[in-house]
Amino acid sequence: MWEAWERVRANRGAPGVDGKTIAAFEADLKGNLYKVWNRMSSGSYFPPAVRAVEIPKAHGTGIRVLGVPTVADRVAQTVVARELEKRVDPAFHPDSYGYRPNRSALDAVARCRQRCRRANWVIDLDITKFFDSVPWDLAIKAVEANTELPWVVLYVKRWLEAPLQHADKSLQIRDRGTPQGSAVSPVLANLFLHYAFDLWMAREFPRVEFERYVDDAVVHCVSEAQARTVLAALRERMAQVGLELHPDKTRIVY
């Protein structure tokens, strides 16, 4: 719990629906951490709604909705995220780069540059509204396959079901997705795509290399024909797991 708090404090961030800042939480740190620990330990912790914050996407391409949990909820999520990370990260694909320790987008770009010298065609792909579309049943199945701790599964389910609260105080009840901006979403996203994309690619196209940064990926092909074959298979695979490739951002590039 203490290590989770230190990570939350280092990441700073805005207050959630309760309006409590990092500084306000820290003013009664011992009492606030005890409440979270006590409720999580007894199974009685229920997350509050997540504050929805709209931010414009780059180049005026629309609005992205971020979910901002309360400070206390970020601490609770970080406890579970750390527990999951230490179990699943060692098994993740070496070409998965997003939200992982000691890896960055620049690492993915460097590997991409190397591979573009060997293969002239790439599939540049993006998943449509990935964080809003993740099917809960498959996400939970992936968590259950990687932990025997019932409290981890319990709280993941509760966070997935937490509603979004908009600026007008209205609540949006969700039936899929994991709010982008929550502390547990990155590891859930990588775990889901580990099965939905990484392992599937390794099984179906073992000689086709790729780099993935969460829901963006570059897939290297030796010919345009191979790129079209792989892309068609990827569209079908995404449909199988409840996702869709973005029709405008996904393209074959020479």
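**Helix packing, cores and sheets**

Modeller: In this predicted model, helices H4 and H9 pack with their axes 9 Å apart and at an angle of about 30°.

Colleague: Which residues make the contact of H4 with H9, and what is the hand of the crossing?

Modeller: On the side of H4 the contact is made by Ala 81, Leu 84, Glu 85 and Val 88, and on the side of H9 by Val 187, Leu 188 and Leu 191. By class, these residues divide into 6 nonpolar, no polar and 1 charged. As H4 passes H9, the crossing is left-handed.

Colleague: Leaving aside its neighbours within four places in sequence, with which residues is Leu 84 in contact?

Modeller: Leu 84 belongs to the H4 side of the contact between H4 and H9. Once neighbours within four places in sequence are left aside, the residues in contact with Leu 84 are Val 143, Val 152, Val 156, Val 187 and Leu 188.

Colleague: Which element gives the largest share of the largest nonpolar core?

Modeller: The largest nonpolar core has 34 residues, and those that touch the most other members are Trp 5, Met 40, Val 80, Leu 84, Val 143, Val 156 and Trp 159. Two or more residues each come from helix H1 (2-11), helix H2 (22-27), helix H3 (29-42), helix H4 (71-88), helix H7 (136-144), helix H8 (150-161) and H9. The largest share of this core is 8 residues, and the element that gives it is H4.

Colleague: How many residues are in the other core that lies apart from it?

Modeller: The other core includes Ile 123, Ala 189, Trp 200 and Val 241. Its count of residues is 31.

Colleague: How far apart are the axes of H9 and H10, and what is the hand of that crossing?

Modeller: Helix H10 covers residues 224-240, and its axis and that of H9 are 11 Å apart, at an angle of about 145°. The contact is made by Tyr 195, Ala 196, Phe 197, Trp 200 and Met 201 of H9, together with Val 230, Ala 233, Leu 234, Arg 237 and Met 238 of H10. These residues divide into 9 nonpolar, no polar and 1 charged. H9 passes H10 in a crossing that is right-handed.

Colleague: Is Phe 197 buried or exposed, and what is its relative accessible area?

Modeller: Phe 197 has its place in helix H9, and, leaving aside neighbours within four places in sequence, it is in contact with Leu 125, Phe 210, Arg 212, Ala 217, Val 219, Leu 234 and Met 238. The C-alpha atoms of Phe 197 and Ala 217 are separated by 9.8 Å, although these residues are 20 apart along the chain. Since buried means under 20% relative accessible area, Phe 197 counts as buried, with a value of 3%.

Colleague: Which strands stand at the edges of the open sheet with antiparallel pairing?

Modeller: That sheet has 4 strands in the order E6-E7-E3-E8. Within it, strand E3 (residues 121-126) pairs with strand E7 (residues 216-221) over 6 bridges in the antiparallel sense, and Asp 126 stands opposite Asp 216 in E7. Each edge strand has a single partner strand, so one side of each is left without a neighbour in the sheet; these are E6 (210-213) and E8 (251-253).

Colleague: Which helices lie across E3, E6 and E7?

Modeller: One of them, covering residues 105-116, runs at about 160° to E6, and another, covering residues 185-204, runs at about 170° to E6. In that order, the helices are H5 and H9.

Colleague: In the open sheet whose pairing is mixed, which strands stand at the edges?

Modeller: The order of its 4 strands is E2-E1-E4-E5. Strand E1 (residues 50-56) pairs with strand E4 (residues 164-165) in the parallel sense over 2 bridges, whereas E1 and strand E2 (residues 63-68) pair in the antiparallel sense over 6 bridges. Two strands have a single partner strand each, so one side of each is left without a neighbour in the sheet, and these are E2 and E5 (171-172).

Note on methods: Residues are numbered from 1 along each chain as its sequence is written. This is a predicted model: local features need pLDDT of at least 70, side-chain atom pairs count only at pLDDT 80 or more; totals for chains, interfaces and linings use all residues. Side-chain values use heavy atoms; hydrogens and water are left out. Two strands pair if DSSP finds at least two bridges between them. Contact means heavy atoms within 4.5 Å. Axes are lines fitted to C-alpha atoms, for helices over the stretch in contact, and angles run from 0 to 180 degrees between N-to-C directions. A crossing is left-handed if the near helix is turned anticlockwise from the far one by less than a right angle, and right-handed if clockwise. Ala, Val, Leu, Ile, Met, Phe, Trp, Tyr, Cys and Pro count as nonpolar, Asp, Glu, Lys and Arg as charged, and the others, Gly among them, as polar. A nonpolar core is a set of buried Ala, Val, Leu, Ile, Met, Phe, Trp, Tyr and Cys residues joined through side-chain atoms within 4.5 Å. Buried means under 20% relative accessible area, exposed over 50%, partly exposed in between (1.4 Å probe, protein chains only).
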